[in-house]
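Biologist: I have not looked at this structure before. Let us go through the labels one by one and ask what stands behind each.

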Amino acid sequence: SLYNSYGRVESTSLWGISLSGSFIYWKPEEKGLDIGATYPTDSSQTGHVLNLNYRYKPGFKLGLGFSPTYDHWKIDLGYVRFHTHQHHSSSTSNLYGNWLETPFASTKQKGFWHLDMDLINIALGRPFYVGKALIFLPTFGFIGGWIDQNYRVEYSDEENNNDWVTSHNHSDSWLLGPAFGLETRWLLGYGFRIFGNGNFSLFFQHFKTRIEQEDRNIGGNIAVNQHDERSSLIPNLNLALGFGWGTYIGKWTHFDLQLGYEFLLYWKQNMIRYLNDAQKTQTDPKAGELYIQGLTLTATFDF
């Protein structure tokens with residue numbers, strides 16, 4: 001029977017082994033991590049929100065692939081490690097912090113956010129030609145891993161001997177769920193191409209969250225000590241666009257280099273803010289989204 005011609009790299013091995021490594025340079029942002037806000041004391045002033053100073057940070061990916069000769073299916077295993085530290089300090093007068101039980105007009109502020117992402121995925125797909133210069137690779141698989149966050153915020157004011165009052169906040173989570181994707185390659189000739197990829201996953205994520213907020217009036221005393229544990233179904237969307245080039249080294253070894261820009265969206269990740277607002281307002285607030293974007297440079301060898 002007829003079927004679409006396969007679009008994989010030729011290999012001498014029955015399993016078509018591929019090894020890949022990626023350098024990532026991403027910038028994470030999370031909704032709800034604002035340090036505080038200023039409030040004008042008269043009509044000539046304008047209030048503003050003080051946020052973290054988000055910057056691009058490095059990380060890496062590792063990949064191992066197999067392309068059996070039977071029906072030309074492709075199996076990919078991947079690991080992503082992105083551990084980042086973001087911070088911001090300022091001397092903003094009349095700023096009221098969001099991370100204390102009783103906010104006060106601080107004159108100095110510091111925010112430190114640690115994000116640790118370790119993700120593992122497995123995907124099964126079959127690359128095939130759609131026309132003469134376009135390759136599709138639909139995939140199905142699973143994703144799992146850990147996303148941990150630490151957020152420390154400090155406030156000080158001149159009227160209180162410049163002593164720092166600190167809020168310690170932690171969120172640890174693990175996740176597991178199905179993932180679906182579509183990779184596309186537009187072949188330009190001479191080994192060059194442009195690509196566009198999209199992936200969607202829906203995973204079960206279990207969170208353990210705790211917040212500790214010091215008492216401004218009694219140094220070192222903990223005024224708030226809250227713990228929470230909950231699970232939820234979380235959607236995730238990844239998009240990537242870029243260009244690549246590949247060539248054969250000898251007859252059967254193939255080398256490929258790819259540069260792309262990625263956009264990643266993880267819903268309902270800021271359980272730290274969720275618990276902080278819940279203990280203050282006794283309502284059911286929303287957990288903010290985690291946004292990540294940045295460059296990914298990938299080198300692949302196929303044998």
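Biologist: Where is Y190 found?

Modeller: The model is a predicted one. In it, Y190 is found in the loop between strand 11 and strand 12.

Biologist: Why is Y190 called exposed?

Modeller: The cut-off for exposed is over 50% relative accessible area. Y190 has 82% relative accessibility, so Y190 counts as exposed.

Biologist: What makes the phi of Y190 worth a remark?

Modeller: Most residues other than glycine have a negative phi. Y190 is not a glycine, and yet its phi is positive, at about 60°.

Biologist: Which other residue has a positive phi, near 50°?

Modeller: That is K268, also a residue other than glycine. K268 is placed in strand 14, residues 253-270.

Biologist: Is K268 buried, exposed or partly exposed, and how do you know?

Modeller: Its relative accessible area is 41%. Buried needs under 20% and exposed needs over 50%, so with 41% K268 is partly exposed.

Biologist: Back to the loop with Y190. What do strand 11 and strand 12 form?

Modeller: They form a hairpin with two residues between them, and Y190 is in the turn.

Biologist: How do you know that strand 11 and strand 12 pair?

Modeller: Pairing needs at least two bridges. Strand 11 and strand 12 are joined by 20 bridges, so they pair, and they run antiparallel. Across this pairing, G181 stands opposite N199 in strand 12.

Biologist: How many bridges join strand 12 to strand 13?

Modeller: There are 23 bridges, and these two strands also run antiparallel. Here F195 stands opposite G242 in strand 13.

Biologist: Why are W174 and F204 called an aromatic pair, and why tilted?

Modeller: Ring centres must lie within 6.5 Å, and these lie 5.6 Å apart, so the two rings pair. Stacked needs planes under 30 degrees apart and edge-to-face needs over 60, so an angle of 50° makes the pair tilted.

Biologist: What makes this a link between distant parts of the chain?

Modeller: W174 is in strand 11 (residues 165-189) and F204 is in strand 12 (residues 192-214), 30 residues apart. W174 is partly exposed at 40% relative accessible area, and F204 is partly exposed at 35%.

Biologist: How many aromatic pairs does a search of the whole structure find?

Modeller: The search finds 14. Ring pairs also link F23, Y25 and Y56 into a cluster.

Biologist: Which residues lie over the faces of W164 and F112?

Modeller: K110 lies over the face of W164, at 4.6 Å from the ring centre. R152 lies over the face of F112, at 4.2 Å from the ring centre. The distance limit is within 6 Å, so both distances meet it.

Biologist: What makes helix 1 mostly covered?

Modeller: Eight of the 11 residues of helix 1 (residues 271-281) are buried. Among them are M271, I272, Y274 and L275. The buried residues of helix 1 pack against strand 10, strand 11, strand 12, strand 13 and strand 14.

Biologist: Where does the largest share of the lining of the second largest pocket come from?

Modeller: It comes from helix 1, with three residues. This pocket has a volume of about 260 Å³. The lining has 14 residues, and K268, Y274, P285, K286 and A287 lie nearest the centre of the pocket. Strand 13, helix 1 and strand 15 each give two or more residues to that lining.

Biologist: Which residues line the largest cavity?

Modeller: N53, R55, K57, H85, Q86 and H87 line it. Its volume is about 30 Å³. Strand 5 (residues 74-90) gives the largest share of the lining, three residues.

Biologist: Why are strand 3 and strand 7 said to stand at the edges?

Modeller: They belong to an open sheet of four strands, with the order 3-2-6-7 and antiparallel pairing. Strand 3 and strand 7 each have a single partner strand, so one side of each is left without a neighbour in the sheet.

Biologist: How do you know that strand 6 and strand 7 pair?

Modeller: Two bridges join them, and the requirement is at least two, so they pair. In this pairing Y96 stands opposite A105 in strand 7.

Methods
Residues numbered from 1 in each chain as written. Predicted model: local features only at pLDDT ≥ 70, side-chain atom pairs only at ≥ 80, totals over all residues. Heavy atoms only, no water. Phe/Tyr/Trp six-rings, centres within 6.5 Å; stacked < 30°, edge-to-face > 60°. Buried < 20%, exposed > 50% of the residue type's maximum accessible area, 1.4 Å probe, protein only. Lys NZ or Arg CZ within 6 Å of the ring centre and 35° of its normal. Contact = heavy atoms within 4.5 Å. 1 Å grid on protein atoms, 1.4 Å probe; cavity = no way out; pocket = protein on both sides within 12 Å on 5 of 7 lines; lining within 4 Å. Points joined across faces, edges and corners; volume = space filled by probe spheres on them.
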